[in-house]
Amino acid sequence: MEKGSDGFVRADQIDLKRLDEQLERHLNRAWTLEKKQQQQQQLDSDSIAAAVAAVKRPRHDWEIDPTKLIIKGVLARGTFGTVHRGVYDGQDVAVKLLDWGEEGHRTEAEIQSLRAAFTQEVAVWHKLDHPNVTKFIGATMGSSSLSIQTENGQMGMPSNLCCVVVEYLAGGALKSYLIKNRRKKLAFKVVVQMALDLARGLSYLHSQKIVHRDVKTENMLLDKTRTVKIADFGVARVEASNPNDMTGETGTLGYMAPEVLNGNPYNRKCDVYSFGICLWEIYCCDMPYPDLSFSEVTSAVVRQNLRPEIPRCCPSSLANVMKRCWDANPDKRPEMDEVVSLLEAINTTKGGGMIPHDQAQSCLCFRKHRGP
């Protein structure tokens, strides 16, 4: 626009559209700046409120400092979260991130129930100390004032996220190890050693009045030396003095004792039954009842006394432990400390069982279990 000799712009030369655009850009910048300032003030206010709440809330002895936690790649995914590799204060760890409130898929009652389950798991696990129980490192509840490190930088902890940190076991799940050995099976002394590891861990839990309630090979982990360690205490409970206080179908199909499947009162002997199934699985490197549905297994186990078929090559010393552990009558099942003694008494020096040291192939009677 050109100015006249008097320094003013002629009205017919004013670009009103351009002025409108400039004004709109200016107002947008001002509005954006104001919005950012308001958001920052809100974040500062939320952080202060969260910090005050954290100070007021009593700190549990199992709580960790999330700023020392580095989250790495995903190891496994589940219904309520993911398990990651990680590092906490320089130590290799496994990190279970529980996030059950995302996208509003759950009701407030469901969220409260799951939070209670998290609290129960931590309350049980953090007190345990045994070489055959996965070591608990710590846990933390979500807070907007906290963040955890990832390989890509910082990640905030939403209030609906909880974090459980345990030792990292490089051998993975016992179930995965058995699947890898499904065709060639395991040497007998390896079978007995793994069974002893699990039995000693369960014996310790029962001595602490803890009932695991979900004993299965998927919940057992292996370290670098192939030592078995019990993990996942999500449904574990302190044993009730009154058996009537423990009822309901808790556990995993195929491992659940008849009294649990039937909804009857039960006690720690439900773990003994599950151990018997695990012992069969370790020996056979196979799945119990792979071709039966939930209703078929439930009906057959409870009403027809269905149990996995023990191969003919299984030494009687081991077969007898299986049969005693999965007896339909809980009172007839041995205590886990007796199971430890029975397994310790088994002679494994001659090889025996599945694969003697000088034999590469598995027992012929397993072909029908193994499939083509």
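User: At 7% relative accessibility, does E259 count as buried or exposed?

Analyst: This is a predicted model: local features need pLDDT of at least 70, side-chain atom pairs need pLDDT 80 or more, and totals for chains, interfaces and linings use all residues. Numbering runs from 1 along each chain as its sequence is written, and side-chain values use heavy atoms, leaving out hydrogens and water. Buried means under 20% relative accessible area, exposed over 50%, and partly exposed in between (1.4 Å probe, protein chains only). At 7%, E259 counts as buried.

User: Which residue's side chain makes a polar contact of 2.8 Å with that of E259?

Analyst: E259 sits in helix 5, residues 258–261. Helices are DSSP runs of H or I with at least four residues, strands are runs of E with at least two, and both are numbered from the N terminus. A polar contact pairs N or O atoms within 3.5 Å; within protein, one must be able to donate a hydrogen and the other to accept it, and residues adjacent in sequence count only if both atoms are side-chain atoms. The side chain that E259 meets at 2.8 Å belongs to R333.

User: Why do the buried residues of helix 9 lie on the same side?

Analyst: Helix 9 spans residues 336–344, and its buried residues are M336, V339, V340 and L343. The arc is taken from the directions from the helix axis to the C-beta atoms. These residues lie on the same side of helix 9 because they cover an arc of only 105 degrees.

User: How are helix 4 and helix 6 oriented, roughly parallel or roughly antiparallel?

Analyst: Axes are lines fitted to C-alpha atoms, for helices over the stretch in contact (heavy atoms within 4.5 Å), with angles from 0 to 180 degrees between N-to-C directions. The axes of helix 4 and helix 6 come within 10 Å and cross at roughly 165 degrees. Under 35 degrees counts as roughly parallel, over 145 as roughly antiparallel, 65 to 115 as roughly perpendicular, and the rest as oblique. That makes helix 4 and helix 6 roughly antiparallel.

User: Where is R226, and is R226 buried or partly exposed?

Analyst: R226 is not a glycine, although its phi is positive, about 70 degrees. R226 lies in the loop between strand 8 and strand 9 (228–230). At 37% relative accessibility, R226 counts as partly exposed.
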